[in-house]
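User: I am new to this structure and would like to learn how to read its features. Could you guide me through them in turn?

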Amino acid sequence: MMANSSTSRRRASDGRDSRTARKSAEIKRKVSENLSDAREEAKDDLDDMVRAARDDVHDMASAAGDYAKGQKAQATEQIGGIAEAIERAATELASEGRDVAERYARDLTTGLNHLSRSAQSPSVDRAMNNVSRFGREHPIAFLGLAALSGFAISRFASASAQRLQRSSSGHEKDDGR
């Protein structure tokens, strides 16, 4: 009988071992499936993030390009306005008989008109190269433009400061101070 009992225990133990082995194999299979699913989901999420980042970069580059185009258009418009003003000054200088000053003013106008046309290039890089080339080819016009720009900026800053000062002093009177 002892042999029977020992055999029974062995069979029970073997049965438990085989159930444990099956459960272990089932758990490994489920873990493997879950890991595979998680990998696939992570890959899909990464692909979505890369796609979204690529779209964001494209949108930002497009917005930057649009901004640069707007600034370029504004700059060429201002250069054209300055050229017109200098042309009027050249005409006035000619009527006063100031031929040397009139010639410099006309040269400056010619250079500014050339700069304005060069800056209208479709590419911002090309426009910057054109402006650099203009500076090398027409140094007097370029320096004149720089001086006029500096003068215009200082006048604008001064007028803005005065307007701000008048505005703030007006508020003090309204507050009863």
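**Reading the model**

Analyst: Met49 lies in helix α1. Helices (H or I, at least four residues) and strands (E, at least two) are DSSP runs, numbered from the N terminus. This is a predicted model, in which local features need pLDDT of at least 70 and side-chain atom pairs count only at pLDDT 80 or more, while totals for chains, interfaces and linings use all residues. Residues are numbered from 1 along each chain as its sequence is written, and side-chain values use heavy atoms, with hydrogens and water left out.

User: Is Met49 buried or exposed?

Analyst: Buried means under 20% relative accessible area, exposed means over 50%, and partly exposed lies in between (1.4 Å probe, protein chains only). Met49 counts as exposed because its relative accessibility is 55%.

User: Which residues form a positive surface patch?

Analyst: Lys and Arg count as positive and Asp and Glu as negative, whereas His and the chain ends are not counted. The place of a charge is taken as NZ of Lys, CZ of Arg, CG of Asp or CD of Glu. In this structure, Arg16, Arg19, Arg22 and Lys23 form a positive patch. Arg19 is placed in helix α1, which covers residues 2-95, and Arg19 counts as partly exposed at 44% relative accessibility.

User: How many helices and strands does the chain have?

Analyst: The chain has four helices and zero strands, and its pattern along the sequence is α-α-α-α. Of its 177 residues, 15% count as buried.

User: What is Thr109 in contact with, leaving aside its neighbours within four places in sequence?

Analyst: Contact means heavy atoms within 4.5 Å. Thr109 lies in helix α2 (residues 99-119), and with those neighbours left aside, Thr109 touches Ala83, Ile86 and Glu87. Thr109 counts as buried because its relative accessibility is 3%. For the chain, among contacts between residues at least 6 apart in sequence, 52% join residues at least 24 apart.

User: How many salt bridges does the structure hold?

Analyst: Side chains of opposite charge can pair when their charged atoms come close. A salt bridge is a side-chain nitrogen of Lys or Arg within 4 Å of a carboxyl oxygen of Asp or Glu. The structure holds seven salt bridges. One of them pairs Arg29 with Glu26, with the closest N and O atoms 2.3 Å apart. Both residues of this pair, Arg29 and Glu26, lie in helix α1, three residues apart, about one turn of the helix. Glu26, Arg29 and Glu33 are linked in a network of salt bridges.

User: Which residue forms a salt bridge with Arg106?

Analyst: Arg106 pairs with Glu87, the closest N and O atoms being 2.1 Å apart. Arg106 lies in helix α2 and Glu87 in helix α1, so this pair ties together parts that are 19 residues apart in sequence. Arg106 is partly exposed at 26% relative accessibility, and Glu87 is partly exposed with a relative accessible area of 30%.

Definitions and conventions: Patches are made of residues with over 30% relative accessible area and no salt bridge: like charges are joined within 9 Å, nonpolar side chains (Val, Leu, Ile, Met, Phe, Trp, Tyr) within 5 Å. Accessible areas come from the Shrake-Rupley method with a 1.4 Å probe; for residues, only the protein chains shown count as cover.
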